[in-house]
Amino acid sequence: MTTPDDGAPFLDEEMRRFLAEFQADTRPLEQLQEGLNAVRGRGEAANGQVTAEVLPSGALGGLRIDPRAMRLGADALAAAVLAAANAAAADLTTQLARMMTDGLTPFADEVRRFSQG
């Protein structure tokens, strides 16, 4: 059984301090994850008549076709949709890479230290 004189309060305080430090250390990673989930890639084609949005999952999250784009014809419109979606995917990739680099850079020293043993 634990008594006040056997050091348990110190252990409890030490555990609380450790937990607070851990939460502070992991908060930037949680913020990075939230940001990664919120990012959207955007692209356009046919002089802005077709715009697309791509979600982090890679799924098409939005597509807008200006009524004037209907004059392009079926094949040209299909090509414009693909071009806008590909541009949106490229934009998403660029944003994600930048976010990962910026978000993980503060942890680089810790990773190197950990990997060196």
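**Close-up views of a predicted model**

Six salt bridges turn up in a search of the whole structure. A salt bridge here is a side-chain nitrogen of Lys or Arg within 4 Å of a carboxyl oxygen of Asp or Glu. The model is predicted, so local features need pLDDT of at least 70, side-chain atom pairs count only at pLDDT 80 or more, and totals for chains, interfaces and linings use all residues. Numbering starts from 1 along each chain as its sequence is written, and side-chain values use heavy atoms, leaving out hydrogens and water.

**View 1. The whole chain.** The chain has three helices and three strands. Along the sequence they follow the pattern α-β-β-β-α-α. Helices (H or I, at least four residues) and strands (E, at least two) are DSSP runs, numbered from the N terminus. Of the 117 residues, 20% count as buried. Buried means under 20% relative accessible area, exposed over 50%, and partly exposed in between (1.4 Å probe, protein chains only). Among contacts between residues at least 6 apart in sequence, 53% join residues at least 24 apart. A contact is heavy atoms within 4.5 Å. The accessible surface comes to about 8,500 Å², and 58% of it belongs to carbon and sulfur atoms. Areas come from the Shrake-Rupley method with a 1.4 Å probe; for residues, only the protein chains shown count as cover.

**View 2. E13 and R16 in helix α1.** The side chains of E13 and R16 meet in a salt bridge, 3.2 Å from N to O. The two residues are separated by about one helical turn because they sit three residues apart in helix α1. E13 is partly exposed, at 45% relative accessible area.

**View 3. E14 and R17 in helix α1.** A salt bridge joins the side chains of E14 and R17 (2.3 Å, N to O). Both residues lie in helix α1, three residues apart, about one turn of the helix. E14 is partly exposed at 29%. R17 is also partly exposed, at 38%.

**View 4. R64 and D66.** R64 forms a salt bridge with D66, with the closest N and O atoms 3.7 Å apart. R64 is partly exposed at 45% relative accessibility. D66 is buried, at 11%. Elsewhere, salt bridges that share partners join E14, R17 and E21 into one network.

**View 5. A nonpolar surface patch.** M15, F18, L19 and F22 make a nonpolar surface patch of about 450 Å². Patch residues have over 30% relative accessible area and no salt bridge; like charges are joined within 9 Å, and nonpolar side chains (Val, Leu, Ile, Met, Phe, Trp, Tyr) within 5 Å. F22 lies in helix α1 (residues 8-38). F22 is partly exposed, with a relative accessible area of 47%.
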